Amino acid sequence: MTTTLASPVRIEKPAVAALGVLALATGALESVVTPTLPLLQRELDMSPAEGALLSIVLLITGALITPVAGKFGDRYGGKRVLIRLMAVVSVGGLVSSLAPNLPVLLLGQVLQGAMVGALPLSFILVRKLLPAGESKVAIGWVSGLFVGGGMAGTLAAGPVAEGLSRHWMFALPTFAVIVATVLVKRLMPADAPGRPDDAGVDWPGLALLSGTLITLMLGLALAPDLGSRPLLLVAVVVLLAAFGTGWVAVERRAVAPMVDLRMLARPAMWKSCALTFVICVGTSVAVYLVPQLFAVSEDTYGFGASATETGFFLLPGALAASLAGPLSGIGARRFGSRSVVTAGIVMMAAALAALAFVHTEIWHLIIGKMLVALANGLCITAMVSSTATSVDQSDTGIATSLILVTRVIGYAVGVQVSGAILTAGTPAGSDAPAESSFVIGFVIASVVTVLSLPVVRTMSKGERE
């Protein structure tokens, strides 16, 4: 008697194409806020600090959801978790498109943040259901379409918001996400669930980290008013300390912590996290301040750019960011990660300093933003690859998740501080911050970036690709 073995389930080309369409749609939905933030601030009567909060809530949610989504994808199957995750994203997109005010729009962005977990889940699917060589091609295809979707969203958000309304700039990519999710559900074969993980999910750690980040962001958003409200300042500091202390205590005792603090104590790890934080602070200052400067009235010191024009001006920076990854890999192999990170930090610090004192022409801002985006991509790619190769193979996921959380915190802090500086520098009765506010923001970011160079010099010369 012979036994016939069932052939393994594998992905066909239409299923990979469906994943690509989903990546394209989510990339577009993720990117619509940045070029239209000045428009949203005007229509919803937001302060710059509130606008900064709006621009980062999606990223914070994504950083918290992604490790949980990856764990669930391994445990219950990537397709099953991906479909449910995209249902949450679709609801978030619809909430954002119908939002009449800032609180509702913030809720929509929080729900949309689940989309950040879509790429890791897509990678789980293609790695399970395709041979190694084909899976690498599919991962590159999906990643490239996500970047392409981001560029499309950056370009299209302004014309849609100005030609139709801000509601449609969320609605149209959300409809595309819904259609792509249906295609994935119909065309993608179900992958087999993995073995149950006895350690489970670190829910207490996730909750306390969420509380810590939310309190930190709210404190930074309220910073311009905290000086006149000492009791509110004390309450925010006490709450932040309570959440932070509780999170550290829980993570040190957890069997499978969301963030392994013991690994963070390793020299290679804390150096990588410190550099990632500083690099993302510098990058986020430019990401937030440059569009705001584009939008300032040309009757003062700005350019009066529309949302459509802002999206067009930001496109070269997006292109530079997409090229940075391959360039960083080539540089790391030839010169070592330390050299790449050093070059990126010097480039970023110089670009931020130049933006502080030379921003009288649109091309000044375009070139400065391009250099910052390129430097960020060079540094982050080199840091991730250096980190991944400096730990045991079994610790790669934990190490890279530390970098992810640090990246989000750095980005969020930079944006919120920038928003607070602009809010504090806006005269009473005026819609435009003082020009000195932009100068202060760029100078602070440049100085902070330069201060990371001593840490880079302590990196081992052996940390190379």
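Predicted model: local features only at pLDDT ≥ 70, side-chain atom pairs only at ≥ 80, totals over all residues.

User: How do α1 and α4 cross, and at roughly what angle?

Analyst: Start with the axes. Those of helix α1 (residues 13-31) and helix α4 (residues 78-98) come within 13 Å and cross at roughly 30°. Angles under 35 degrees count as roughly parallel, so α1 and α4 are roughly parallel to each other. Their crossing is left-handed.

User: Which residues in α1 and α4 meet?

Analyst: From α1 come Leu 19, Leu 22, Thr 26 and Leu 29; from α4 come Leu 82, Met 86 and Val 89. By class, this contact has six nonpolar residues, one polar and no charged.

User: Is Ser 90 buried or exposed?

Analyst: Apply the cut-off: buried means under 20% relative accessible area. Ser 90 has 11% relative accessibility, so Ser 90 counts as buried. This residue is found in helix α4. Leaving out residues up to four places away in sequence, Ser 90 touches Thr 174, Val 177 and Ile 178.

User: Which side chains meet in a salt bridge?

Analyst: The general idea comes first. Side chains of opposite charge can pair when their charged atoms come close. Here the count comes to one salt bridge. Glu 43 and Arg 166 form it, at 3.1 Å from N to O. The pair links distant parts of the chain, 123 residues apart: Glu 43 is in helix α2 (residues 33-43) and Arg 166 in helix α8 (residues 166-187).

Notes. Residues numbered from 1 in each chain as written. Heavy atoms only, no water. Axes fitted to C-alpha atoms, helices over the stretch in contact; angles between N-to-C directions. Helix = DSSP H or I, 4+ residues; strand = E, 2+ residues; numbered from the N terminus. Parallel < 35°, antiparallel > 145°, perpendicular 65-115°, else oblique. Left-handed = near helix turned anticlockwise from the far one by under 90°. Contact = heavy atoms within 4.5 Å. Nonpolar A, V, L, I, M, F, W, Y, C, P; charged D, E, K, R; others polar. Buried < 20%, exposed > 50% of the residue type's maximum accessible area, 1.4 Å probe, protein only. Salt bridge = Lys/Arg side-chain N within 4 Å of Asp/Glu carboxyl O.
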